[in-house]
Amino acid sequence: MTATEGNGGNEGGRGGGGDRAAGDRHTWDDGLIARRAHRRAAGRAAGRPARAMDQEAAEEGAPDTPGAVTDYFPGEETGRRSFGGPPYAVYQAGVRSFATGTLRPRLEALRQLVGLSRSRLEGRALAGAARVLDEADARGRHPYGHTVVAVAGATGSGKSTLFNALAGAPLSETGVRRPTTATPLACAWTDHADGLLDRLGIPAVDRRNPGYPYDPALRGLVLLDLPDHDSAAPGHRERVDRLLGLVDAVVWVVDPEKYADAVLHERYLRPLAGYAEVTFVVLNQVDRLPGEAADQVLDDLRRLLDEDGLALGEHGEPGAAVLALSALTGEGVGELREMLARLTAECGAAERRLSADVAGTMARLRPQYVADSGPVGLTERARAEFEDRLAEAAGAGAAGKAAERTWLGDAEWACGTPWGRLRGRRGHASGSSRGGGSRGGGSRGSRASGAGEWTEIPGARARTVAVEAVTARPAVEEAVRTLGDEATVGLPGPWAQAVREAAGWGGRGLAEAVDEAVAAETAHRRPVRPMWWSMVAAAQVTVSLAQVIGVLWLLGAVAGVFGGPGWWMPTLLVLGGAAVGPALAWGSRAAARGPARRHGRSVEGRLREAAAECGRRRVLEPVEAELARYGEVRAQYVAAAGGA
C-alpha cells in the first residue's frame with residue numbers, strides 16, 4: 001500500500017472498525033503503538049500504574065506473538081518503542097563518532113582548500129566542494145552507526161517487491177499500476193533514525209518498522225524504497241536524484257528487459273563509478289529466464305558496468321556487488337540481506353560514500369590546482385635575470401664604467417704635475433660650462449664636492465632634489481612581463497592569472513621607484529681619497545719647486561748674478577724635475593687602474609642592489625607570496641585528494 005493509504009488505515013484503526021487484509025498486521029501494529037503511546041501519556045498524567053495500562057493494551061488486542069511490542073521506556077518523552085529480540089531501544093549506533101579514520105583530515109584539508117581559494121577561483125568552481133562539506137557536516141550530526149540504503153530502479157523492475165522481501169513485511173505497494181511507488185518509503189531496524197529520516201525528508205506517515213521477527217544482523221539499517229527513476233509523474237525523478245545524493249549506499253534493481261537501458265547507465269550508473277564500494281546492482285526477476293539465460297544476462301550486465309567504469313567487487317577486491325535474484329520467489333534475497341548486514345555492521349558506508357564525494361570533487365577540481373607541465377615556482381636563474389634587466393634599465397653598468405673613468409681622471413688630477421693641472425683646470429672649466437647646458441638638456445652627472453669627482457651616474461645628481469626619469473620604461477616593463485611568464489610556468493590557469501596580476505601591479509611605478517632609489521644611493525656618497533694621492537701630489541709639488549729653483553738658478557748664473565759651482569747643477573734640477581714629474585704622473589695612473597676598476601664595480605654593485613631591492617620589494621615579493629599561497633593550496637589539495 002502507499003503511504004497515504006497506510007495512514008488512512010491507521011486512522012480507520014483508531015476509529016475502531018476498518019477492514020484489513022490478513023497480511024496488513026504491520027500497519028495494525030503501528031496503530032496500536034500510536035494508541036498505546038497516547039494511553040501511556042494520559043496514564044502518566046493521571047498517575048496510573050504502568051502495569052494497569054499494559055493490561056488495558058493487551059485487552060485491546062495486542063498480538064500474542066512472543067517478542068511483540070509490549071513495553072515503553074518510562075520518562076522517554078519521544079515515545080520511542082522497544083522491539084522484541086535485539087535490544088534496539090538501547091542501541092545508540094555504537095556511540096561511534098562520524099568521520100573517523102582518513103576522512104576527517106581530508107575534510108579538514110578540503111575546508112582549508114575552499115577557504116584559501118575563494119579569492120582566486122570563481123564561486124561556481126567551489127560550489128561542489130562547498131556542497132560536499134555541507135553534506136559531511138549534516139551527515140556527521142547523525143549516528144555514524146546507522147546505514148541508509150536506498151532501493152532504486154526503473155518502472156516494473158520489482159524494487160518494491162524486493163524492498164518488502166528485505167523488510168519481511170508487505171510495506172510497499174506492488175502491482176501493475178505504474179508508477180506504483182509515488183513517495184519514498186522508509187523501513188528502519190533501529191529506534192533512533194528519526195533525525196536521519198527528517199534530514200532525508202521522509203514524513204512520519206511513510207516510516208515503517210520491519211516485519212517480525214526482526215533480524216538482529218540488520219540492526220542500524222535504514223532502508224528506503226524510492227520512486228521509479230524513469231517515472232513520467234512530475235517530481236518523481238527530482239525526489240530520486242535528491243535522495244541518491246543523501247543516502248549512504250544504493251541497491252540498483254534492474255530487470256532482464258531493461259538492464260541495458262541507456263538512461264540508467266548514462267544518467268545514474270556511469271556517474272556513480274566512484275561509489276562502487278557502496279553500490280549493489282541486482283538483476284531481479286531471474287525466475288522469468290529459462291535455463292542458463294540468467295547467467296548470460298548477468299555476464300552482459302557485468303560487461304556494461306565495466307564499460308561504465310564501475311569497479312566490480314570480484315575475487316575479494318573492493319567494488320560494486322553484482323548478483324541475480326528473484327524478489328518474488330526469494331531466490332538470492334538471503335545473499336543480498338547478508339551483504340547489507342555486513343555493510344551495516346561495518347558502520348563505514350557513510351564514510352565511504354563521503355570519501356567518494358570528496359574524491360569526485362577533487363577530480364573535478366584537479367585542473368584548477370594541478371598542471372602537468374613541469375616544476376612550479378621561480379628559479380634562481382629567473383630572479384637573477386630579472387634583477388639584471390632592472391640594473392641594465394637603470395644604467396648601472398654604464399654608471400660603473402663612468403665611475404671608473406672618473407676615478408682615473410681624479411687620480412691623474414691629484415697625482416699629475418702642477419703644470420698639467422693648470423692646463424686641465426682651464427679645460428675642465430670650459431667643459432663644465434658646456435656640460436651645464438647639456439645637463440639641462442638631459443645628460444646625467446654628479447660631482448661630489450670636496451672630492452674632485454665628476455661622475456656620470458644615471459638617475460642621480462648630487463645636491464639636486466629633483467629626480468630625473470632616466471630608467472628605461474620599456475626595459476622595465478619587459479623585465480616584469482618576462483618574470484611573470486617564467487613564474488607562471490607549471491601553474492594552473494587561475495593561479496597563473498593571480499601571479500601575473502601580482503607582477504603587473506608591482507610593475508606599476510617600478511621605473512620611478514628605481515629612479516628614486518638610484519638617486520638616493522648616489523646623492524651623498526663621496527669616494528674616499530687615497531692617502532698615496534696626497535703623497536704623490538706633495539712629491540709633484542716638491543719636484544715642481546725644484547724645477548723652479550733650477551730655472552731661477554740657471555737664469556741667475558747666466559746673468560752673472562749667482563756665482564758658484566757652475567751651470568750644471570741648475571740644469572740637473574730642471575731636467576730632473578721635467579723627467580720625474582711626468583714619471584710620477586704615469587706611475588700613479590698605472591697604479592690607479594686597479595682601484596678604479598674596483599671603484600667602478602662598487603658603484604655598479606650599489607646601483608644594481610638599489611634597483612634589485614625595488615624589484616624585490618614591488619614585484620618579486622608579491623609574486624613569491626602568490627606562489628607560496630599556491631604551494632599551500634596545492635598541499636591542501638593533495639591532502640584532500642588522499643595524497644594523489
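User: What is the relative accessible area of Arg-111?

Analyst: Happy to start there: this is a predicted model, where local features need pLDDT of at least 70, side-chain atom pairs count only at pLDDT 80 or more, and totals for chains, interfaces and linings use all residues. Residues are numbered from 1 along each chain as its sequence is written, and side-chain values use heavy atoms, leaving out hydrogens and water. Buried means under 20% relative accessible area, exposed over 50% and partly exposed in between (1.4 Å probe, protein chains only). Arg-111 is partly exposed, with a relative accessible area of 33%.

User: How many residues apart are Asp-137 and Arg-111?

Analyst: A salt bridge is a side-chain nitrogen of Lys or Arg within 4 Å of a carboxyl oxygen of Asp or Glu, while helices (H or I, at least four residues) and strands (E, at least two) are DSSP runs numbered from the N terminus. Asp-137 and Arg-111 form such a bridge, their closest N and O atoms lying 3.3 Å apart. The pair links distant parts of the chain, Asp-137 in helix H5 (residues 123-140) and Arg-111 in helix H4 (residues 103-117), and the separation is 26 residues.

User: Is Arg-124 buried, partly exposed or exposed?

Analyst: Arg-124 has a salt bridge of its own, to Glu-122, with the closest N and O atoms 2.7 Å apart. Its relative accessibility is 70%, so Arg-124 counts as exposed.

User: What is the relative accessible area of Arg-473, the salt-bridge partner of Glu-512?

Analyst: The side chains of Glu-512 and Arg-473 meet at 3.3 Å, N to O. This pair too links distant parts of the chain: Glu-512 belongs to helix H18 (residues 510-522) and Arg-473 to helix H16 (residues 473-487), 39 residues apart. Glu-512 is partly exposed at 39%, and Arg-473 is also partly exposed, with a relative accessible area of 24%.

User: How many of the residues of S5 are buried?

Analyst: Both faces of S5 are covered: Ala-249, Val-251 and Val-253 are buried on one side, and Val-250, Trp-252 and Val-254 on the other. The buried count for S5 is six of six.

User: What distance separates the C-alpha atoms of Gly-156 and Val-254?

Analyst: Gly-156 is in the loop between S1 and helix H6 (159-167), and counts as partly exposed at 29% relative accessibility. Gly-156 and Val-254 are 98 residues apart along the chain, yet their C-alpha atoms are separated by 9.0 Å.

User: Which helix supplies the largest share of the nonpolar patch?

Analyst: Patches are made of residues with over 30% relative accessible area and no salt bridge, joining like charges within 9 Å and nonpolar side chains (Val, Leu, Ile, Met, Phe, Trp, Tyr) within 5 Å. Here Trp-419, Val-548, Val-551, Leu-552 and Leu-555 make a patch of about 450 Å², with areas from the Shrake-Rupley method (1.4 Å probe; for residues, only the protein chains shown count as cover). Val-551 is partly exposed at 36%. The largest share, four residues, comes from helix H19 (residues 531-559).
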